[in-house]
Amino acid sequence: MKEQREMIRLALVQRAKEARKKAYCPYSGFAVGAALLCADGSVYDGCNIENAGFTATCCAERTAFFRAVNDGKRDFKAIAIAGGRAGEEPTGICAPCGVCRQALYEFCGPSLNVIMAKTPDDFIERTLGELLPFGFGPANI
Ligand code: THU
């Protein structure tokens with residue numbers, strides 16, 4: 001069980017790091033990749049996509065999430081995130097921004113595992129509920 005968890009984490013972090021390479025981040029120079037594990041075992045990745053009108057920027061987590069939802073996915077288990085200066089290895093962990101936490105909460109709820117990784121072996125793992133306590137979701141409206 002523990003081994004399986006580790007294998008999944010390694011695969012997700014690897015995928016997030018690959019996704020970083022596709023980041024479009026000419027303004028910040030900060031490249032982020034995310035890999036979202038669906039309940040059916042499929043994985044969707046995403047990168048950050050910046051915009052000259054800064055507020056239109058989409059983070060890597062939301063890119064992955066929206067791609068998955070657009071393909072009909074509604075149940076998710078985990079998301080790995082890796083970020084740092086473009087063209088370089090991450091020097092620290094990259095935590096999801098508040099907007100992404102809220103976006104993920106819609107379908108993922110508090111149990112989603114969020115893996116914030118510098119490398120596959122150097123990471124912090126928290127649930128979405130820990131990152132977004134008292135989250136506002138479908139049950140609240
Ligand atoms: N960014 C992400 O893609 N995900 C995060 O978790 C934090 C920030 C992006 C947004 C922007 O393109 C760049 O990183 C700098 O904020």
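Select Ser28 to begin; this residue sits in the loop between helix H1 (2-20) and strand E1. Helices (H or I, at least four residues) and strands (E, at least two) are DSSP runs, numbered from the N terminus. The model is predicted: local features need pLDDT of at least 70 and side-chain atom pairs pLDDT 80 or more, whereas totals for chains, interfaces and linings use all residues. Residues are numbered from 1 along each chain as its sequence is written, and side-chain values use heavy atoms, with hydrogens and water left out.

Ser28 is partly exposed, at a relative accessible area of 46%; buried means under 20%, exposed over 50%, and partly exposed in between (1.4 Å probe, protein chains only). Display the contacts of its side chain. The side chain of Ser28 reaches the backbone nitrogen of Phe30 at 3.0 Å, and it makes a polar contact with the side chain of Glu50 at 2.5 Å. A polar contact is a pair of N or O atoms within 3.5 Å; within protein, one must be able to donate a hydrogen and the other to accept it, and residues adjacent in sequence count only if both atoms are side-chain atoms.

Select the oxygen atoms of the ligand next. One lies 2.5 Å from a side-chain N or O atom of Glu61, and an oxygen atom of the ligand is 3.0 Å from such an atom of Asn48. At Ala95, a backbone N or O atom is 3.1 Å from an oxygen atom of the ligand. Taken alone the ligand exposes 370 Å², of which the protein buries 79%. Accessible areas come from the Shrake-Rupley method with a 1.4 Å probe; for residues, only the protein chains shown count as cover.

Move to Ile49, in the loop between strand E2 (43-47) and H2. Ile49 is partly exposed, with a relative accessible area of 40%.

Finish at Phe134, in the segment after helix H4 (128-131). Its phi is near 55°, a positive value in a residue other than glycine. Phe134 is exposed, with a relative accessible area of 85%.
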